[in-house]
Amino acid sequence: MIHFVGAGSGAPDLITIRGKKYLEEADVIIYAGSLVNPQLLDYAREGCEIYNSAKMTLEEVLDVMYAAEEKDLVTVRLHTGDPCLYGAIREQMDVLDEKEIAYDSCPGVSSFCGAASALNLEYTLPDVSQSVVITRMAGRTPVPEKESIESFASHHATMVVFLSTGMLEELSSRLIEGGYTADTPAAIVYKATWEDEKTAVCTVGTLAETAKKENITKTALMIIGDVVTHSHYQRSELYNPAFTTEFRQASK
């Protein structure tokens, strides 16, 4: 059996109870060493085989899985955050399907959730933004043309931009071209929930300047939109005494 497990956003105690249990029971762990906190490997039992996939190709990862399956061992494929976001899991699962090898997926706390907690921020504020766009800039790996930064920016929804810290000048110009103003609130969150977490609130126009000032060059995400400063929003109807719900009648 192979378990795809979300390692969480960084702090070792933010892995799920299920994910921790899988790590404790695993015979083999293949972890994304470029981003997963190595402290999570402390949950591994003595004798567990551990592989760092940052140094491996897809084929090498699969070979480790095949070898474990032949010995009837339990494998944990430990991905950063939640595996469903930029985890490259589908390409692994498709091959496992072809080989008729059983697997499942255990969700984790994504870094975009960890970044919100670092800023005590709510992404969906009434009358400000009720949608969150999770995306990245095109770099060495492309992004579909229909998903350009400009097209998303035109909606003025909250945006969370992954994997783009080295392209902040271009990100700013494309956000502005898409419809955000230069003074739109923004934030940079470095290594959300890690011990060396760092946050910086700025504007769309000062993203690159702020990252340089804070010496942030990688392992960060950017949050774009008025929710960053939460200076104006409507009260939630859910807890409004004048609003009837399934569980409570409105007061007169």
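**The sheet and its helices**

Guide: In this predicted model, helix α2, formed by residues 58-70, lies across the strands β1, β2, β3 and β4. The direction of α2 makes an angle of about 165° with that of β2. Helix α3, residues 90-98, also packs on the sheet, where it touches β1, β4 and β5. Its direction makes about 155° with that of β5.

Let us now turn to the sheet itself. It is an open sheet of five strands, and their order is β3-β2-β4-β1-β5. The pairing between these strands is parallel. β3, at residues 49-52, and β5 stand at the edges with a single partner strand each, so one side of each of them has no neighbour in the sheet. Neighbouring strands are turned against each other by 20° on average, if direction is ignored.

β1 and β4 run parallel and are joined by five bridges. Within the structure, G6 stands opposite H79 of β4.

A further helix, α1, covers residues 17-25, and in it G19, Y22 and L23 are buried. When one looks down the axis of α1, these buried residues fall within an arc of 100°, so they line one face of the helix. What do the buried residues of α1 pack against? They pack against four strands: β1 (2-6), β2 (28-31), β4 (75-79) and β5 (103-106).

The cysteines deserve a separate look. A search of the whole structure finds zero disulfides. For comparison, a disulfide requires two cysteine sulfur atoms within 2.5 Å. Are C48 and C84 buried or exposed? C48 is buried, with a relative accessible area of 13%, whereas C84 counts as exposed, at 59% relative accessibility.

In an unreviewed entry, UniProt lists residues 1-207 as "domain: Tetrapyrrole methylase". The span of residues 1-207 is 28% helix and 21% strand, and its end C-alpha atoms lie 44 Å apart.

Technical notes
Residues numbered from 1 in each chain as written. Predicted model: local features only at pLDDT ≥ 70, side-chain atom pairs only at ≥ 80, totals over all residues. Heavy atoms only, no water. UniProt positions renumbered as here; feature names shortened; annotations may be inferred. Helix = DSSP H or I, 4+ residues; strand = E, 2+ residues; numbered from the N terminus. Buried < 20%, exposed > 50% of the residue type's maximum accessible area, 1.4 Å probe, protein only. Arc of directions from axis to C-beta. Contact = heavy atoms within 4.5 Å. Pairing = 2+ DSSP bridges. Axes fitted to C-alpha atoms, helices over the stretch in contact; angles between N-to-C directions.
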